[in-house]
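Me: I have a two-chain model open on my screen and would like to talk it through with you. Could you start with the terms we need and then take my questions one by one?

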Amino acid sequence: GAVVSQHPSWVICKSGTSVKIECRSLDFQATTMFWYRQFPKQSLMLMATSNEGSKATYEQGVEKDKFLINHASLTLSTLTVTSAHPEDSSFYICSAGGLAGNGEQFFGPGTRLTVL
Amino acid sequence: GNSVTQMEGPVTLSEEAFLTINCTYTATGYPSLFWYVQYPGEGLQLLLKATKADDKGSNKGFEATYRKETTSFHLEKGSVQVSDSAVYFCALSDLAAGNKLTFGGGTRVLVKP
């Protein structure tokens, strides 16, 4: 149980285009989802916390207009990177939490974004 | 604020060697502690967890004990395999911080046959 999927697993896009990444909880309802960014050989950086039916809460320094997050249902959250630039190239990972009440999160497999 | 510090890698071991990865934390409340493992090109998988002091988490031969007195959660495995090569992240979750996960920097482990 507690499986989280992400789509696509990798994407290459041209500079200036927008890219949408989907995060789905397959066998449970996730009231809270998290989006992380990971640079090569580094730890995960929390970008935002997404609660179903409400606006996402962004971490300091994360541009909310550039990284649009929508959590329209209990099983789906999306991250849209708008007007992507090469510096947005990264590994984006989502997670779902709140099941066990102890802060445990279940992670998706990640999406590698390359902006040319 | 909360923070997690873990030993820097890479850690290179021979198969069947003993593995220890140190992890210490700072938290304002009473956190839950986790070890996650990340294989190349993949997301994170929960390896083990402990939710209160003196709890021992264990899975796949890995163990870690929640030590409140030393604010530590060191990961150990008695005999590593090549398949244990991965990056290991220590993390804490604190209800007072909205149950956000705070990660350590990660430790890369390479096990050679």
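Reply: Happy to! Two strands count as paired if DSSP finds at least two bridges between them, and the elements themselves are DSSP runs, helices (H or I) of at least four residues and strands (E) of at least two, numbered from the N terminus. The model is predicted, so local features need pLDDT of at least 70 and side-chain atom pairs count only at pLDDT 80 or more, while totals for chains, interfaces and linings use all residues. Residues are numbered from 1 along each chain as its sequence is written, chains are lettered from A and ligands numbered from 1 in the order in which they are written, and side-chain values use heavy atoms, with hydrogens and water left out.

Me: In the hairpin of β7(B) and β8(B), which residue takes a positive phi?

Reply: Strands β7 (residues 56-59) and β8 (residues 62-65) of chain B run antiparallel and are joined by four bridges. Within this pair, B:Gly57 stands opposite B:Ala64. Two residues lie between the strands, and the one with a positive phi, near 55 degrees, is B:Lys60.

Me: In what order do the four strands of the open sheet in chain B run?

Reply: β8(B) also pairs with strand β9 (residues 75-77) of chain B, antiparallel and through three bridges; there B:Glu63 has B:Glu76 as its bridge partner. β3 (19-21) and β7 of chain B each have a single partner strand, so one side of each is left without a neighbour in the sheet. Neighbouring strands are turned by 15 degrees against each other on average, direction ignored (axes are lines fitted to C-alpha atoms, for helices over the stretch in contact, and angles run from 0 to 180 degrees between N-to-C directions). The pairing is antiparallel, and the order is β3-β9-β8-β7.

Me: And chain A: which strands are at the edges of its open sheet of four?

Reply: That sheet has the order β1-β3-β8-β7 in chain A, again with antiparallel pairing. Inside it, β3 (residues 19-25) and β8 (residues 76-81) of chain A pair over six bridges, with A:Glu22 facing its bridge partner A:Thr78. The strands that pair on one side only are β1 (4-7) and β7 (67-73) of chain A.

Me: How much area do chain B and chain A bury between them?

Reply: Start with the contacts, meaning heavy atoms within 4.5 Å: 20 residues of chain B touch 20 residues of chain A. Buried area is the accessible area (1.4 Å probe) that two parts lose on being put together, summed over both. Carbon and sulfur atoms carry 53% of it here, and the total is about 1,500 Å².

Me: Which element gives the largest share of the side of chain B that touches chain A?

Reply: The elements giving two or more residues to that side are β5 (32-38), β6 (44-50), β10 (86-93) and β11 (101-103) of chain B. The largest share is four residues, and it comes from β5(B).

Me: One more: what is the phi of A:Ser83?

Reply: A:Ser83 belongs to the loop between β8 and β9 (90-97) of chain A. Its phi is positive in a residue other than glycine, with a value near 45 degrees.
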